Amino acid sequence: MVTVDPEVAAAYREAWERWQAQLATLHEVFLDGAPLDPPRLKGLLNREARAKDAYDAARLRLLGIPAPPPSN
């Protein structure tokens with residue numbers, strides 16, 4: 001049986017939920033045709049990207065994989 005630190009699990013779930021919320025909004029715009037002006041679209045894309053990055057980091061932590069060094 002796999003045991004996970006409750007704080008790590010909670011951080012993972014929160015990151016997953018935040019990313020899914022941003023992704024759902026992104027899908028509304030791109031797949032369902034919801035209107036969005038260009039500045040708000042740019043903000044949405046940035047929020048989704050940051051939420052995905054946070055999810056990826058939380059997932060690696062959950063799996064016990066060290067995060068790769070930041071690429072600049």
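Which side chains meet in a salt bridge at 2.8 Å, N to O? They are those of E14 and R18. A salt bridge here is a side-chain nitrogen of Lys or Arg within 4 Å of a carboxyl oxygen of Asp or Glu.

Before going on, a word on what you're looking at. This is a predicted model, where local features need pLDDT of at least 70, side-chain atom pairs count only at pLDDT 80 or more, and totals for chains, interfaces and linings use all residues. Residues are numbered from 1 along each chain as its sequence is written, and side-chain values use heavy atoms, with hydrogens and water left out.

**Salt bridges**

Search the whole structure and you get three salt bridges. Side chains of opposite charge can pair when their charged atoms come close. Here is the set, with the N to O distance for each:

| Side chains | Distance |
|---|---|
| E14 and R18 | 2.8 Å |
| D37 and R40 | 3.9 Å |
| D56 and K52 | 2.9 Å |

E14 and R18 both sit in helix α1, four residues apart, which is about one turn of the helix. D56 and K52 have that spacing too, four residues or about one turn, but in helix α2. Helices, by the way, are DSSP runs (H or I, at least four residues; strands are E, at least two), numbered from the N terminus.

How open are these residues? Buried means under 20% relative accessible area, exposed over 50%, and partly exposed in between (1.4 Å probe, protein chains only). R18 counts as exposed because its relative accessibility is 55%, while E14 is partly exposed at 40%.

**A buried charge**

Now for E48, which belongs to helix α2, residues 38–63. Is E48 buried or exposed? At 14% relative accessibility, E48 counts as buried. Even so, E48 has no salt bridge, and the nearest side chain of opposite charge, K52, is 7.0 Å away.

What E48 does have is a polar contact, side chain to side chain, with W19 at 2.8 Å. That term stands for a pair of N or O atoms within 3.5 Å; within protein, one must be able to donate a hydrogen and the other to accept it, and residues adjacent in sequence count only if both atoms are side-chain atoms. Leaving aside residues up to four places away in sequence, E48 touches W19, Q22, L23 and L26, where contact means heavy atoms within 4.5 Å.

**Out on the surface**

F30 lies in helix α1, residues 6–30. With a relative accessible area of 52%, F30 is exposed. Together with L31 and L45, F30 forms a nonpolar patch on the surface, with about 330 Å² of accessible area in total. Patches are made of residues with over 30% relative accessible area and no salt bridge; like charges are joined within 9 Å, and nonpolar side chains (Val, Leu, Ile, Met, Phe, Trp, Tyr) within 5 Å.

R13 is also in helix α1, and R13 is exposed at 58%. The C-alpha atoms of R13 and T25, twelve residues apart along the chain, are separated by 19 Å.

How values were computed
Lys and Arg count as positive and Asp and Glu as negative; His and the chain ends are not counted. Accessible areas come from the Shrake-Rupley method with a 1.4 Å probe; for residues, only the protein chains shown count as cover.
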